[in-house]
Every structure is written in structure tokens, then in C-alpha cells.
Amino acid sequence: MAPCKLNSTDSYGNGDVSFSCSQLNNSLPILHSEKAAQNGNGDVSFSCSQLDNSLSEKEVQELLQQTPIQGTDEHLIEFSEALRTVAKTLRRVAEGKAFAQAEAAEWKRRYELERERNQRLQRKEHLPRECNGDCNKERTLNSKNLLVSSNGTNGQSEDCCTNGICSHEVLQDGETDSDPMMVKSRIMRKASFKLSWCSKGEDSDQHKHEVVSFARGNITTAERHSKQISLKWESKPQTVLIFTKPNSISVRILCSAMLRWLEENKKLNIYVEPRVRGELLTESSYFNFVKTWKDDKEISLLHKKVDLVVTLGGDGTVLWAASMFKGPVPPIVPFSLGSLGFMTPFHSEHYRDCLDSILRGPINITLRHRLQCHVIRDAATNEVETDEPILVLNEVTIDRGISSYLTNLECYCDNSFVTCVQGDGLILSTTSGSTAYSLAAGGSMVHPQVPGILFTPICPHSLSFRPLILPEHVTVRVQVPFNSRSSAWVSFDGKDRKQLAAGDALVCSMAPWPVPTACQVDSTNDFLRSIHEGLHWNLRKTQSFDGPVINNNI
């Protein structure tokens with residue numbers, strides 16, 4: 001083959017190779033290759049000084065197609081894997097350090113509370129002795145010293161009476177000592193008293209907080225217990241449970257995207273329903289990290305594992321999520337994907353920002369009260385034979401079912417007779433359910449943080465039968481009398497329908513475990529926005545200004 005000079009640039013595979021052959025002679029094949037440059041696409045440049053003329057052009061091309069840095073690529077891959085391993089180790093160390101700091105802070109807080117409690121107990125043990133000593137001195141002093149002694153006793157009474165006003169407390173009016181008449185009147189004492197909530201027996205689990213304060217012996221209302229509640233994480237949330245609306249393609253797509261984002265960006269433990277996990281694995285094996293439960297026993301322990309609950313749907317999805325917890329309920333973040341939602345303030349389009357803000361905290365929450373319902377059969381001889389208690393978030397409904405007769409229901413409130421319902425039925429609703437069936441039956445809309453039980457009749461056979469709102473601490477009993485023409489039917493949040501025969505009763509009271517739902521702004525703002533947007537509440541045209549001119553001189 002005659003000597004030649006070849007300048008060529010060709011593309012082989014995924015990379016471009018450039019080579020220059022300056023000499024091809026009859027000598028021994030000596031290949032001097034030199035790596036000139038390599039970019040992100042694998043472009044390599046070679047310089048060939050001598051090639052044997054015994055090599056054909058095809059063989060030269062095959063030789064150039066071989067990647068000369070294959071070993072280098074393998075070393076780079078091993079090096080990158082080593083870096084990822086180091087990064088994971090550092091992240092685990094940082095998480096362990098943060099967890100240890102949080103645990104140490106929690107133990108420190110407990111220690112401070114215990115030490116403060118012990119100090120209060122010690123002070124209470126010493127105060128009675130000091131009080132007795134002051135009382136003995138008070139008997140021997142004159143009227144002027146009596147005034148001074150009473151002032152000292154009053155200061156001590158504030159320390160020993162932390163739960164209210166004690167009987168020995170002296171109520172001062174704040175006058176000066178310059179006026180003798182004022183000094184004389186200051187010795188006079190106003191009768192003191194103390195108010196406390198009465199519970200239903202010593203074994204009652206309904207603990208009440210004092211909301212009454214006293215100023216100079218007068219009754220005034222203290223701080224309201226229905227202020228806006230804020231939740232602040234003391235430790236980082238680790239586990240999230242997601243409930244989804246079934247038979248919805250848009251919800252399924254959003255759920256898949258949310259799971260990917262939580263796994264890749266937040267590194268959380270994620271639980272879903274068994275149905276949802278099956279759908280995800282059918283779509284892709286990527287979702288093997290998603291966890292679920294197998295039986296009812298694991299469901300009863302969910303509140304011990306789950307830090308946060310996310311619902312994708314409408315109010316019905318929130319009701320379903322709440323029904324899964326028979327005891328305490330973790331905070332729920334409801335995203336609106338239904339037709340009408342009063343409990344779903346978050347929009348699905350901004351789920352990343354919403355969840356990121358909620359996981360950081362703090363967040364405003366609404367404590368939605370639930371009703372605890374018991375069905376007591378007339379044939380039952382003891383408590384073991386009664387049905388299991390059922391918790392409802394919206395309402396429990398007693399109606400006549402398929403019967404053409406009016407329902408006949410005897411209603412009692414704390415063993416006091418209320419009325420006899422004759423009509424289509426009765427609704428016992430929570431304040432969260434005041435915008436549901438109760439509203440359609442003529443009940444009032446009530447702020448969800450107002451604790452109470454709505455007593456709303458359904459089409460009563462009396463024009464004077466108006467709805468009631470009962471306080472939270474009462475127990476309502478609805479019984480089918482023995483002279484009723486037909487039996488009644490009861491349903492709990494629209495499901496679990498049961499028949500009530502003559503003599504059977506339904507007992508409802510406020511459950512001790514509310515449902516905390518996250519707020520977009522606060523409880524009041526979310527409630528008002530829901531009735532404006534959902535019900536178009538009081539929406540009308542503004543009155544025009546073209547009315548008669550008013551003469552102000554008349």
C-alpha cells in the first residue's frame with residue numbers, strides 16, 4: 001500500500017472519534033495513541049504517527065472503535081459509588097445526632113417539669129405552718145398591726161391557692177393609708193367562694209378545665225378554651241399515611257407523583273391502603289418501598305406508627321380516614337379532589353409547598369369533635385352483649401327506613417326527658433357535620449371548634465319542633481318505645497346501617513378523641529371560605545343606589 005496521509009473525523013457508537021494518520025509505511029506496526037480530550041458525550045481525539053501498510057482500512061476502523069478508556073470509566077463508577085456511600089453515612093450520622101439532641105431536649109424538659117412539681121409540693125408543705133404562725137400573731141396585734149398582718153396573709157394566700165380563691169383570702173380595694181375611714185373599711189372582708197365543674201361521678205373520664213376567674217369576688221370569664229390551636233413538631237415526622245379516593249384516575253396520578261416526591265426528597269416511611277398498594281405495584285415495581293397493613297390488629301396500632309395523615313379526595317375521604325382510628329387520630333392534611341369539600345382546604349396543585357410547610361411546622365389545626373355511639377339492645381342482659389361503640393365525625397341518623405309509618409322516638413338528655421320525635425327521623429350531629437345532612441334538614445351552621453351536639457329533627461310532624469344545640473358534656477339517649485308501630489334504622493356517617501327494634505336504644509356522647517385537621521390559614525378563615533365557596537352563602541346582587549333622595553333637613 002502506498003504511503004498516504006489520512007485526515008478523517010467519523011462518529012462511532014455514542015462518541016465521536018477524531019484521528020490523524022501521518023505516515024503508513026512498510027515498517028513494523030507501531031501505534032502511538034494519545035488521548036487528547038474527552039467531553040461529556042464521550043468525544044475522543046487520537047494522533048497516530050505510524051501505521052503498518054499491512055493493515056487495511058477496515059481493520060484501522062475496528063481498532064479505533066475500541067474505547068481506550070474503558071478501564072478508566074469503571075474506576076470512575078467505583079469512585080462515584082464510594083462517594084454516595086460516604087454521603088449516606090454522613091447523612092445517617094447527622095440524623096442520629098439530631099435525634100439524640102431531640103431526645104436529650106425531651107428528657108431535659110421532663111426533668112424541669114418534675115423538679116418544678118417537687119418544688120411546688122415542698123412549698124405547699126411549708127406554707128400551712130407559716131399561715132398558722134401569722135394567724136397567732138394576728139390575735140395579739142392592735143388594729144393597725146392587724147391590717148399589716150392581713151396584708152401579709154393575703155400575699156401568702158396567692159401562693160397557696162393556685163387553683164382558685166381560698167376562703168381566707170382578703171380582697172383588697174387598693175386605698176391608701178392616709179384616710180382613717182379607708183383604713184377601717186379595709187379590714188372588712190367580702191365573702192369568698194370558688195367555682196368548679198361538676199363531673200358525672202368519680203370515674204368519669206370527661207375532665208373539665210376551669211374557664212371562670214375571679215376579680216375582687218366577682219365572676220368573670222377567663223380565657224376561652226376555643227382559641228386557635230397551633231401544632232409544633234418537637235421531633236421530625238418520620239411516617240406518613242395516605243388515603244385516596246377510589247376509582248379516580250386523577251387521584252391515582254397525583255398519588256404516584258406525591259409518593260415519588262416524598263420518597264426522593266423527604267425520605268419518609270409511607271403507608272397506603274392495601275388496595276392502593278396493589279394498584280401502584282401493577283403500575284410499576286418502583287413503589288416497592290410503600291408499606292401497608294394486613295389485618296385489623298395492625299390497623300388498631302396505626303396511631304402509634306403514623307405521624308401525619310394525607311387524604312386525596314373530598315370530605316368523604318376525610319370521614320373514611322377518621323373511621324380507621326378508633327382512638328387517637330394523627331393530624332390530617334386534606335387535599336381537595338372532590339366535588340364539594342368543607343374539610344379540605346388545601347389545593348392539590350401546590351402539594352409540594354403545602355407538605356413542605358407542614359412537615360417543618362408549626363401549623364394551625366382544627367380539633368373536630370366526634371360522637372361516640374352505643375347501640376343497646378333490649379334483649380341484652382349485660383354490657384358484654386351490647387354492640388361495639390362507633391365513632392362518627394359528621395352525624396348519626398335515626399330514620400323510619402322503608403316503613404310508611406312515622407318514627408316514634410323517645411329522647412332523653414342526661415336522664416331528663418327532652419321530647420318524643422314523630423316524623424321521618426332525627427339527626428344527632430357534630431359541629432363539623434353541621435354543614436351536611438343537618439343543614440339540609442333545617443339545622444344551623446356552627447363553627448367546627450364550638451363543642452356541642454346538634455339535635456335536628458327530619459320533617460317533624462309539628463311546626464313548633466325546631467332544632468336544638470346541646471352542650472358537649474351531655475349524654476343523649478334515643479329509644480324506640482314498645483308502642484311504636486314500626487322499628488327504626490340508624491346509620492353512622494352514612495354507613496353501618498343497623499335496625500332498632502322496640503325497646504332498643506342509641507346512646508351518644510362526645511368522644512374523647514377529636515380529629516385534628518390542618519388549616520390553610522386558621523379555623524375561622526377556612527370555615528368561612530368553605531361556606532362562601534361551597535354553598536355560595538348569602539350570595540346576592542348588591543342593592544343599587546338609584547333610590548329616592550333622602551332629605552336630611554326633615
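Trainee: What is the secondary structure over residues 97–124, and how do you know?

Mentor: Residues 97–124 are 100% helix and 0% strand, and their end C-alpha atoms are 41 Å apart. Helices here are DSSP runs of H or I of at least four residues, strands are runs of E of at least two, and both are numbered from the N terminus. This is a predicted model, in which local features need pLDDT of at least 70 and side-chain atom pairs count only at pLDDT 80 or more, while totals for chains, interfaces and linings use all residues. Residues are numbered from 1 along each chain as its sequence is written, and side-chain values use heavy atoms, with hydrogens and water left out.

Trainee: Which annotation covers residues 97–124?

Mentor: An unreviewed UniProt entry annotates residues 97–124 as "coiled-coil region". Such annotations may be inferred rather than shown by experiment.

Trainee: Why is Val521 called partly exposed?

Mentor: Its relative accessible area is 40%. Buried means under 20%, exposed over 50%, and partly exposed in between, with a 1.4 Å probe and protein chains only. Val521 therefore falls in the middle class.

Trainee: What does Val521 touch?

Mentor: Leaving out residues up to four places away in sequence, Val521 touches Asn364, Asp526 and Arg529; contact means heavy atoms within 4.5 Å. Val521 and Asn364 are 157 residues apart in sequence, yet 7.1 Å apart in space, C-alpha to C-alpha. Val521 sits in the loop between S26 and helix H12 (523–535).

Trainee: What makes the buried residues of H10 line one face of the helix?

Mentor: In helix H10 (residues 351–360), the buried residues are Tyr351, Cys354, Leu355, Ile358 and Leu359. Viewed down the axis of H10, they fall within an arc of 125°, so they line one face. The arc is taken from the directions from the helix axis to the C-beta atoms. An α-helix has 3.6 residues a turn, so residues three or four places apart point the same way. On the other side of H10, Asp353 and Arg360 are exposed.

Trainee: What covers the buried residues of H10?

Mentor: The cover includes helix H5 (249–266), strand S11 (308–313) and strand S26 (515–518). Just after H10, Gly361 takes a positive phi of about 75°.

Trainee: Why is helix H9 called mostly covered?

Mentor: Of the 9 residues of H9 (residues 315–323), 7 are buried. Among them are Val318, Leu319 and Asp315. Strand S9 (239–244) and strand S24 (495–500) are included in what covers the buried residues of H9.
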